[in-house]
Structure formats: C-alpha cells, structure tokens
Amino acid sequence: MQTGPFEVRKVTLESRRVRLEPLGEAHLPGLAEAIADGELWQLGVTSVPHPEQLPGFLAAAEAAFAAGRELPFATIDRHSGRIVGSTRFRNIEAAHRRVEIGFTFIGRGWQRSHVNTEAKLLMLEHAFEHWRVNRVELLTDLLNHASRNAIARLGAREEGLLRSHMVMRDGRIRDSLIFSIVASEWPEVRDRLQARLRD
C-alpha cells in the first residue's frame with residue numbers, strides 16, 4: 001500500500017469515445033462554443049464562466065495546478081473531435097490521499113450522453129488506480145437536481161449537507177450536498193460503470 005503523497009502532473013486520459021486533455025489556451029475557442037450551447041453561464045445552480053471570462057478561468061486553473069491543488073481538463077468527444085466541456089480534479093490533498101472531482105460542465109447537446117459517464121470513469125480510474133487515493137468526493141448545489149442525479153448514477157454515496165457552504169454569483173448562499181466513493185467501493189463502481197457503457 002502506498003503511504004506517501006502522490007504526484008500531480010498534467011496527463012491526458014483517454015477512452016474509446018472521450019479524451020480528457022490538460023486544459024490550455026488552445027482549448028478556449030472550443031470551450032466557448034460548448035458553453036454557448038445552452039448558455040451555461042446563465043444557470044443559477046452552477047459556476048460556469050461566460051465565454052468572455054475564459055482567459056481568467058484558464059489563468060486561475062493554471063495557478064491552482066501550480067499550487068498542486070487542481071488538475072483541469074478539456075473534455076473532448078473523440079468521434080467528432082469537438083470540445084464539449086471541462087472538468088477537473090480539485091481540492092487535491094495528496095498527503096491524505098483525497099481528491100474531489102468537480103467544476104464539471106458539458107454543452108447542452110452532450111448532456112445525458114456517454115460523455116459524463118465516460119469522463120468520470122477515466123478520472124475515477126486515475127484517482128483510484130494511479131494515485132491510489134482513499135477517497136473521491138463530489139459536491140453539488142442542493143438545488144441542482146440534474147447534477148445530484150448524475151452523481152448518484154455514478155454510484156457515489158450521499159454523505160450529507162454542507163449548510164451555507166458557498167456564495168453564488170447572484171449572492172445566493174448555497175447549501176451543498178457532498179457525495180463520495182471510497183477505495184473499497186471502487187471495484188464495484190468501476191464494474192457498474194463499465195457495464196453501463198457497454199449497453
């Protein structure tokens with residue numbers, strides 16, 4: 001069993017239909033198109049940047065990566081080659097072998113498709129099988145029913161409510177639900193997700 005901290009470095013994660021590339025400046029035009037698909041920045045239960053805010057979004061992501069706290073990706077549909085969204089590892093606690101998967105958004109036309117499940121499977125595989133984490137956390141707005149359902153479909157266990165957890169852009173004080181998958185649950189979760197993607 002590994003006991004020391006793991007290394008956070010930029011890596012491309014790839015499956016049959018989805019590729020997660022380390023987020024970079026070249027991804028921003030495609031990411032702007034994905035965000036425009038559904039005007040995702042308008043959703044009050046998420047924190048998706050407006051396309052004009054993407055340079056700052058990237059700069060903040062790069063700073064968080066440099067600090068060892070985040071590893072952001074562009075989400076790409078391999079068949080079309082299109083950038084369909086973004087996701088990241090965040091709140092990385094290497095010493096405690098704990099990480100969160102979050103800041104995920106996908107263009108409306110790709111929601112409820114294979115993209116989210118396949119991307120999450122790639123990230124969970126990296127977390128549990130490469131980093132050997134003990135725990136992966138997923139958080140969402142209490143009011144974001146679509147996100148709550150998507151996280152539950154992954155096989156994550158709901159742990160509780162974080163009250164008055166965040167201040168949203170409109171000033172609303174958000175309550176967050178926290179879910180987790182722990183290492184002992186990973187084999188069953190992996191098998192279930194792989195079976196779903198074969199269907």
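Which side chain is joined to that of histidine 114 by a polar contact of 3.2 Å? It is the side chain of aspartate 77, where a polar contact is a pair of N or O atoms within 3.5 Å, one of which, within protein, must be able to donate a hydrogen and the other to accept it, with residues adjacent in sequence counting only if both atoms are side-chain atoms.

Before I go on, please keep in mind that this is a predicted model, in which local features need pLDDT of at least 70 and side-chain atom pairs count only at pLDDT 80 or more, while totals for chains, interfaces and linings use all residues. Residues are numbered from 1 along each chain as its sequence is written, and side-chain values use heavy atoms, with hydrogens and water left out.

Histidine 114 lies in helix α3, helices being DSSP runs of H or I with at least four residues and strands runs of E with at least two, numbered from the N terminus. Leaving aside neighbours within four places in sequence, histidine 114 is in contact, meaning heavy atoms within 4.5 Å, with Arg17, Val18, Asp77 and Leu197.

Let me turn to aspartate 175, which lies in strand β8. Its side chain reaches the backbone nitrogen of serine 164 at 2.7 Å, and the C-alpha atoms of these two residues, eleven residues apart along the chain, are separated by 5.0 Å. Aspartate 175 counts as partly exposed because its relative accessibility is 24%, the class between buried (under 20% relative accessible area) and exposed (over 50%), with a 1.4 Å probe and protein chains only.

Arginine 172 lies in the loop between β7 and β8 (173-182), and at 23% relative accessibility it too counts as partly exposed. Beyond its neighbours within four places in sequence, arginine 172 is in contact with residues including Gly44, Val45 and Asp141. The C-alpha atoms of arginine 172 and valine 45 are separated by 9.7 Å, although the two are 127 residues apart along the chain.

Finally, the largest pocket. A pocket here is an open set of points on a 1 Å grid over the protein atoms alone, where a 1.4 Å probe fits, with protein on both sides within 12 Å along at least five of seven lines; lining residues have an atom within 4 Å of a point. The largest pocket is lined by 44 residues, and Thr46, Thr104, Phe105, Asn144 and Ser147 lie nearest its centre. Among the elements that each supply at least two residues of this lining are α3 (114-130) and β7 (157-167).
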